[in-house]
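User: I'd like to go through this one with you. Can we take it piece by piece?

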Amino acid sequence: MSAGYLLKRLLLAIPTLFGVLVVVFVLLRVVPGDPVTMMVGLTASEEDIARLRELYGFDKPIFTQFLIYLGDVLQGDLGVSITRKQEVLGLILGRLPVTLELSLFAMAVALLGGMMLGVLAVYRPGRGGELVADGFSGLGLAIPDFLWALMFILLFGVLIPLLPISGQIDPRLGFEPASGFYLFESLLIGEFAAFQSVLSHMVLPAVALAIPLAAIIARILKSSLQEVMTQDYILLARARGFSRLRIVLREALQNALIPTVTLSGVQFTFLVGGTVLIERIFSYPGLGNMAIEAVINRDIPLIQGIVLTFAVMFIALNLIIDSTYVLLNPRVRHG
Amino acid sequence: MTVAPTLAVASLRLDLGHTPILRGVDIDVMPGEVHGLVGESGAGKTMVGKAVLGIAPAGARIRSGSMTFLREDLIAMPERRRRDLLGRQIALIPQDPMTGLNPVLRIDRQMTDPLRLHLGLDRPAAAAKALDLLHQVRIREPERVLRQYPHELSGGMRQRVLIAMAFSCRPQLIVADEPTTALDVTVQRQILRLIKELQETAGTAILFITHDLGVVSKICDRVSVIHSGRILESAGVADLFDFPQHDYTRALMRATPRYDRPGDLLQPVPADLTARLIAEAEALDA
Ligand SMILES: Nc1ncnc2c1ncn2[C@@H]1O[C@H](COP(=O)(O)OP(=O)(O)O)[C@@H](O)[C@H]1O
Ligand SMILES: [Mg+2]
């Protein structure tokens, strides 16, 4: 992929982010619920409320407010959280690694599971493998991530308490990664007790997030593999005496992944969006969990900051997906 | 003592689902012989080739007949044995070089994988052999071609690569399914000459599938004429052209342009002859 193409995509991200800023800014100011009243309660005096409104700039016309906010954002200042009284940027950077790790882990699970199911369906067509794969992906498509999460909580919280259903790490371990990345850092510095704890806390939310994506990947991969298996070069591979497994994995899979990446790409962003609810359900201390608290508290600066962060994540994710497509497909790699 | 044919197909009948496709195919390909299988589109030529290789589509069923490769039964052969023969002893040159190579793999990988599988070569030895093979099919800058992807090569180059791959393990038998049909005329001639040359050097037997009697006259030793899944006539090439036995063979010759008589008017195969042949073939289905 050429540097020029990357640059163009990055430039295109600017109007997108600007649009996100405008929409969120306006929405938050037209929905009912005054943040200052929420903050100080109904007993506060008129003067106190007026003073706070002035402090946060809510007394100015909305256009002026936006210009001020835009100027701050461009300088990297996302404002101060109303409820937490801390810099929004710092709050977000503290939580972002948690959500990133969870999302990436869930994506890896989804990719692995989806690819295994898709390959199985085509490697063993008809009754055996295909039936199993279709059954799994059918279930995965029919039930959304948050319902899986609730079922896991019932199952593992009540019936078989094998995996933790709440939090991110056993607090008794007192592990505080400097980078904020619990999983990576505990592994890198060899804190295996912490690593194990983080991993076991991550499994259920990640699997709940992964199942719908895995099901979609399995479905798309199956049909594109089936299509690829009818191609001449596959027939030629058979005529060279390669085994079916080798043909599916070495000759067909990469070809079939090209349409799969294109068609399932947007689902990866849905997975990241899904963290908001899933983190809440599993009391997972990530960005999504903080977003819901911020919304409940009408913490406008924090909401704005988090939405902006998610927008940046979506754009970055789309870039990565596009690059994957280019990596898989030599025909677009040149020229 | 008589020499065993490299490939012997006898009274082969094959259905696809409930549709008869082959209705009695007899072909003997002798060692070192180029045996043409000629007929119009839809006659069942490709299906004969696929049946020989055991790569007929799902739903294909052999109803009766026999196929042997060097006296070994191809129909009852276990899958494992077949996989061992395919690519090593029996190879295929496909019709369309544009779709015969895997678009996401470099030529290098596509050429060396079978060499490593069948000849047990390690990576450097297989790469050296691939380079040598590309030299043999007279590809210029073979080092560069090995590093390229199929879409970076012309149709003629790709067909040379596929030919090199077919000959790579020195097979006893090659099924060449219209190997020049998709190429333009000047390239066609070069490719034909190349196949003939490699075949003569290695002494390979070839089942050469084509719809073009002109091509048959250039490359084949013997030829079988097929229509509606039936072999109508088999003969040495000279005999076939001088003394065609079957009406259909004569009709096919009148429909084929000849280099020695370029002014001749071409006549399509008469519709009533085609209808008669189809009726005869369907009478065999009962
Ligand atoms: N995959 C297939 N599905 C259905 N019919 C097929 C298939 N392949 C071949 N046929 C039929 O079998 C007959 C012979 O086809 P083929 O062997 O490809 O002919 P040729 O190579 O002589 O042009 C044709 O009537 C064709 O329609
Ligand atoms: Mg054909």
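**Working chat**

User: Start with Q199(B). Buried or exposed?

Analyst: Q199(B) counts as buried, because its relative accessibility is 2%. Buried means under 20% relative accessible area, exposed over 50%, partly exposed in between (1.4 Å probe, protein chains only).

User: What should I know about the model and the numbering?

Analyst: This is a predicted model: local features need pLDDT of at least 70, side-chain atom pairs count only at pLDDT 80 or more, and totals for chains, interfaces and linings use all residues. Residues are numbered from 1 along each chain as its sequence is written, chains are lettered from A and ligands numbered from 1 in the order in which they are written, and side-chain values use heavy atoms, with hydrogens and water left out.

User: Where is Q199(B) placed?

Analyst: In helix α7 of chain B, residues 185-202. Helices (H or I, at least four residues) and strands (E, at least two) are DSSP runs, numbered from the N terminus.

User: What does Q199(B) touch?

Analyst: Leaving out residues up to four places away in sequence, Q199(B) touches G32(B), E33(B), V34(B), F167(B), T204(B) and I206(B). Contact means heavy atoms within 4.5 Å. A polar atom of the Q199(B) side chain lies 2.9 Å from the backbone oxygen of T204(B).

User: Switching to the sheet. What's the strand order?

Analyst: β2-β1-β4-β5 in chain B, an open sheet of four strands with antiparallel pairing. Two strands pair if DSSP finds at least two bridges between them. The edge strands are β2 (19-29) and β5 (72-73) of chain B.

User: And what packs on the sheet?

Analyst: Helix α1 (residues 45-53) of chain B, touching β1, β2 and β4 of chain B. The direction of α1 makes about 110 degrees with that of β1(B). Axes are lines fitted to C-alpha atoms, for helices over the stretch in contact, and angles run from 0 to 180 degrees between N-to-C directions.

User: How many bridges join β1 to β4 in chain B?

Analyst: Eight, with β1 (residues 7-16) and β4 (residues 60-69) running antiparallel. A10(B) stands opposite S66(B) in β4(B).

User: Now the contact with chain A. How many salt bridges between chain B and chain A?

Analyst: Two. One of them joins the side chains of D113(B) and R246(A) at 3.6 Å, N to O. A salt bridge is a side-chain nitrogen of Lys or Arg within 4 Å of a carboxyl oxygen of Asp or Glu.

User: Which element gives the most to the side of chain B that touches chain A?

Analyst: α3(B), with five residues. The contact takes 28 residues from chain B and 21 residues from chain A.

Key: Polar contact = N/O pair within 3.5 Å; in protein donor to acceptor, adjacent residues only side chain to side chain.
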